[in-house]
Amino acid sequence: MSESKQIVVVGLGYVGLPLALALAGEFPTVGFDSDPVRIEQLVDGFDRNLEIESQLLSKNNLSFSSDESVLDGAEMVVVTVPTPVTDDKRPDLSMLERASAMVGRSLERNPVRNSVPIIVYESTTYPGCTEEFCGPIIAQESGLQLGIDFLLGYSPERTNFGDAEHTLESITKVVSGQTDYASEKIAEVYGKIAKAGVHRASGIKVAEAAKVIENVQRDLNIALFNEAAMIFDRMGINSASVFEAAGTKWNFQRYQPGLVGGHCIPVDPYYLTYAAEQVSYDAKVILAGRRFNEEMVNLVADKVTTMIESTGRLASESSVLVLGQTFKANVADFRNSKAKTLYSILLGSCRSVDSYDPYEDTSLSNDHLFESDVKYDAVILAVGHGQFITSARKIVDLVESNGVLVDLADVFAPEIISNSDVNFWKL
Ligand SMILES: NC(=O)c1ccc[n+]([C@@H]2O[C@H](COP(=O)([O-])OP(=O)(O)OC[C@H]3O[C@@H](n4cnc5c(N)ncnc54)[C@H](O)[C@@H]3O)[C@@H](O)[C@H]2O)c1
């Protein structure tokens, strides 16, 4: 890959924007997004996801555009558009379809190049999607031949946003290409930005499957720990102590039970179960885990109301505070947030429910919350934002005497609770 040739990143969200920035450190890079407002904001130095600081958005080698002609002549295009599921939990490939058609139109406008253009997909999808769904769309739109006039690649994104340790630079990047040539070129480009190195998967389907199984594994393991926690709770056994004891065995893998939201872990398993269906296989284990994790928020809401009532209060006369509304800690991402679902469920059964999240504009501000005298019958710590960890003692003080404190994110150390009179439950 020549260093003067341009790379275009299509879809500047949580995945695409940091990728475009990293690539721009090595190659002239254009970030394309179909949302002109997103582009205007980025040009003005504002990332609405609050992941990238303003000054980093004005790199020499990086420009932003919502004009699809910027794809013309690109040596490599990387597609990072969303891949959600439909209401009936089937892959929603509409954005991949639109992005692929756009790449095809660009190739049609500029068919002659010095090197064969490579289209790399980073969007999470099922094995076969890149070569059997996206590639043919590009071929049809461009009139060019897949595998000859243009080549495909796949490199799954596995960065953990909101986690300073597992970044694009510090984790191994899996790459794959349709041919050895494509695989080599893609490895060369990603090798420059993934300082921990690249792993060349033996094929595109292998790389697609690797991504999806990573998230299926996480979903299933959390489901197992969630179910175990609910069983032990009914038995009056502290599940955290059980996991701690079991964790002393050399091959016991410990997971933190909790609400599974967002756009990856609760979504990606359906891509695999859909692909399984296409080969006449009815996935059972994967879907069982999914169902349990979806049900978990109802079980937690029941537990909260049961605990409130065990203190002699009526849930319908109680005030509740839910801390954290994002789908996970330390990100401004509210997509498919189960903390929000919990808030809504409790609204239906409690007298009043407040919520506070440092990433959300609500009527409660940090100062208002911790500096006022307001106390709640029950406080639920739903998301383990750093700010809540450092304010753990103050959070305990928000609970009325003999009230309820529920920790869904493993935030409260025993010594913080020990001198209080709260009824504490930890998932
Ligand atoms: N966010 C994560 O933590 C994460 C991690 C690993 C993998 N992924 C996967 O990466 C992909 C992108 O996820 P994300 O979180 O960055 O999404 P996102 O919603 O943050 O951003 C996607 C961007 O793509 C743009 N877009 C949509 N359709 C487009 C089109 N046709 N052409 C150009 N731009 C278009 C949107 O305007 C948006 O700015 C998904 O497949 C997701 O599953 C996400």
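Colleague: What covers the buried residues of α8?

Modeller: The cover includes α6 (204–234) and α9 (285–310), where contact requires C-beta atoms, placed from the backbone, within 7 Å. Helices here are DSSP runs of H or I with at least four residues, strands are runs of E with at least two, and both are numbered from the N terminus. This is a predicted model, in which local features need pLDDT of at least 70 and side-chain atom pairs count only at pLDDT 80 or more, while totals for chains, interfaces and linings use all residues. Residues are numbered from 1 along each chain as its sequence is written.

Colleague: Which residues of α8 are buried?

Modeller: In α8 (residues 268–278), they are Asp-268, Pro-269, Tyr-270, Tyr-271, Leu-272, Thr-273 and Ala-275. A residue is buried if 20 or more other C-beta atoms, placed from the backbone, lie within 10 Å of its own; with 12 or fewer it is exposed, and in between it is partly exposed.

Colleague: Turning to β9, how many of its residues are buried?

Modeller: Four of the five residues in β9 (residues 319–323) are buried.

Colleague: Which strand pairs with β9 over five bridges?

Modeller: That is β10 (residues 352–356), in the parallel sense; pairing requires at least two DSSP bridges between the strands. Leu-321 stands opposite Asp-354 in β10.

Colleague: Where does β11 come in?

Modeller: Strand β11 (residues 376–381) pairs with β9 in the parallel sense over four bridges, and Val-320 stands opposite Ala-378 in β11.

Notes: Two residues are in contact if their C-beta atoms, placed from the backbone, lie within 7 Å.
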